[in-house]
Amino acid sequence: MAIVEVKVPQLSESVAEGTLLNWKKKPGEAVAVDEILIEIETDKVVLEVPAPSAGVLAETLKDGGASVVSEEVIARIDTEGKAGAVAAAAPAAAPAVAAAPAAAANKGDVAMPAAAKILAEKGLQATDVAGTGKDGRVTKADAQGASAKPAAAPVAVPVPAAVAKPLPAVAAPVAQNLGDRPEQRVPMTRLRARVAERLVQSQSTNAILTTFNEVNMAPVMEMRKKFQEKFEKEHGVKLGFMSFFVKAAVHALKKYPVLNASVDGNDIVYHGFFDIGIAVGSPRGLVVPIIRNADQLSFADIEKKIAEFGAKAKEGKLSIDELTGGTFSISNGGTFGSMLSTPIINPPQSAILGVHATKDRAVVENGQVVVRPINYLAMSYDHRIIDGREAVLGLVAMKEALEDPARLLFDI
């Protein structure tokens, strides 16, 4: 027998531990080299653990939901084993298991306190309801979904114990619970807990203030419409609005470097590079992948990066490196229909731009009321190092760049 250990991948320095999700293979099943055995959720990303060798999964040392650290052994693979070898040993334990049903059934006869009260009102016993709680206990939801006992029940025909089979549990329709004030308690994922921690940290450590402005998106929309088809043919990606916002943000950060700075103790760190974080919603929570050196990228490069990040976020494939760092962030709530918001700074950054939905609005130009596609911009900033003057002028610089995109070409 040749055993190969399956270990937790090396986590980043900022990630102390992770949580195992569900195993994709069971002991005794064959595995191929590089086949994904399990995923590990950290407070930043979800990592896949591939099989280091082909063979049979001999054992798993940690169950799903367990906490693990870097390089910890979580399973072993028998490279010379045959599939089903572990499962074949199961019948030997059958006699011991067979003696357990009676004991297990007793646990299922217990109802939680809140459930017991509801069952009593319905004239039911705990044994009348299939429990879904721990060890088969009857929960409040089980009791609420159970039908009340009829006044006169038909006499049951005795069934020999040898052939008696438990009835399958039937889930109660959701509609029956709608009027009973249902609730569900779900533990936060590591990612969600980390996002919550960082947002609270930002609120408590930064002196957050938000400045607003409105931008006429007509020039950008016209330029996009004019070059969309040629752009897509040339670069293989659609020309979106986010690349304009990224370029406009970099344009303003160059003019007002403090917007691209961060606080480190009593020092202000001015960054000589422009790493722009793009807030992206994913099934597991909010993530902010970083577009590195955005000032050196073309519109096409930026659009490709954004599309790549969106796909990776949806599949949970973003790496820790792609989520680490950043000097300024952009949050686009407009994709969901947001009209206005006050974005929260992503520490240790000192400013963030909030972009919203572009809507036709009545505005005054040269004394005349006209209709223009307007987008409300909001920039939250850390007032400890950024004064109102720099914040307002920085947002105005973004507005002017978007209302006259040629400025982006000539950097004026």
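Q: Is Lys25 buried or exposed?
A: Lys25 is buried in this predicted model, with a relative accessible area of 19%. The cut-off for buried is under 20%, so Lys25 falls within that class because its value is 19%.

Q: What does Lys25 form a salt bridge with?
A: Side chains of opposite charge can pair when their charged atoms come close. Here Lys25 pairs with Glu35, and the closest N and O atoms are 3.3 Å apart. The pair links distant parts of the chain, the two residues being 10 residues apart. Lys25 sits in the loop between strand 2 (18-20) and strand 3, while Glu35 sits in the loop between strand 3 (30-31) and strand 4 (36-41). Glu35 is partly exposed, at 26% relative accessibility.

Q: How many salt bridges does a search of the whole structure find?
A: The search finds 14 salt bridges. One of them joins the side chains of Glu365 and Arg372, at 3.1 Å from N to O. Both ends of this pair can be read by accessibility: Glu365 is partly exposed at 29%, and Arg372 is partly exposed at 26%.

Q: Which residue forms a salt bridge with Asp382, and how far apart are the closest N and O atoms?
A: Asp382 forms a salt bridge with Arg384, with 2.7 Å between the closest N and O atoms. Asp382 is buried, with a relative accessible area of 1%, whereas Arg384 is partly exposed at 46%.

Q: Which residues are linked in a network of salt bridges?
A: The network links Lys305, Glu308, Lys312 and Glu322.

Q: How many helices and strands does the protein have?
A: There are 13 helices and 19 strands. The protein has 412 residues, and 38% of them are buried. Sequence separation gives another view of the fold: among contacts between residues at least 6 apart in sequence, 64% join residues at least 24 apart.

Q: In what order do the 4 strands of the open sheet stand?
A: Strands of a sheet pair through backbone hydrogen bonds, either parallel or antiparallel. In this structure the order is 1-8-6-3, and the pairing is antiparallel. Strand 1 (3-7) and strand 3 are the edge strands, each pairing on one side only. Inside the order, strand 6 (residues 55-60) pairs with strand 8 in the antiparallel sense over 4 bridges. To locate this on the model, find Val56, which stands opposite Asp78 in strand 8.

Q: Which residues touch the most other members of the largest nonpolar core?
A: The core has 74 residues, and those touching the most other members are Ile74, Ile276, Phe328 and Ile330. Helix 9 (residues 242-255) gives the most to this core, with 9 residues. Leaving aside neighbours within four places in sequence, Ile276 is in contact with residues including Val246, Val250, Leu253, Phe328 and Ile330. Another core, of 5 residues, lies apart from the largest one; among its members are Leu124, Ala126, Val138 and Ala146.

Q: How do helix 9 and helix 10 cross?
A: Two packed helices are described by the angle between their axes and the distance between the axes. For helix 9 and helix 10 (residues 299-315), the axes come within 9 Å and cross at roughly 115°. The crossing is right-handed. On the helix 9 side the contact is made by Met242, Ser243, Phe244, Val246 and Lys247, and on the helix 10 side by Phe299, Ile302, Glu303 and Ile306.

Q: Where does Glu71 lie, and what is its phi?
A: Phi of Glu71 is near 65°, a positive value in a residue other than glycine. Glu71 lies in the loop between strand 7 (67-68) and strand 8 (73-78). Its relative accessible area is 40%, so Glu71 is partly exposed.

Q: What is phi of Asn366?
A: Asn366 has a positive phi near 55°, and this residue too is other than glycine. Asn366 is in the loop between strand 18 (359-365) and strand 19 (368-382). With a relative accessible area of 81%, Asn366 is exposed.

Q: Is the peptide bond from Pro347 to Pro348 cis or trans?
A: The bond is cis, with omega near 10°. Pro348 lies in the loop between strand 16 (328-332) and strand 17 (351-355).

Technical notes: Residues numbered from 1 in each chain as written. Predicted model: local features only at pLDDT ≥ 70, side-chain atom pairs only at ≥ 80, totals over all residues. Heavy atoms only, no water. Buried < 20%, exposed > 50% of the residue type's maximum accessible area, 1.4 Å probe, protein only. Salt bridge = Lys/Arg side-chain N within 4 Å of Asp/Glu carboxyl O. Pairing = 2+ DSSP bridges. Core = buried A, V, L, I, M, F, W, Y, C linked by side-chain atoms within 4.5 Å. Contact = heavy atoms within 4.5 Å. Axes fitted to C-alpha atoms, helices over the stretch in contact; angles between N-to-C directions. Left-handed = near helix turned anticlockwise from the far one by under 90°.
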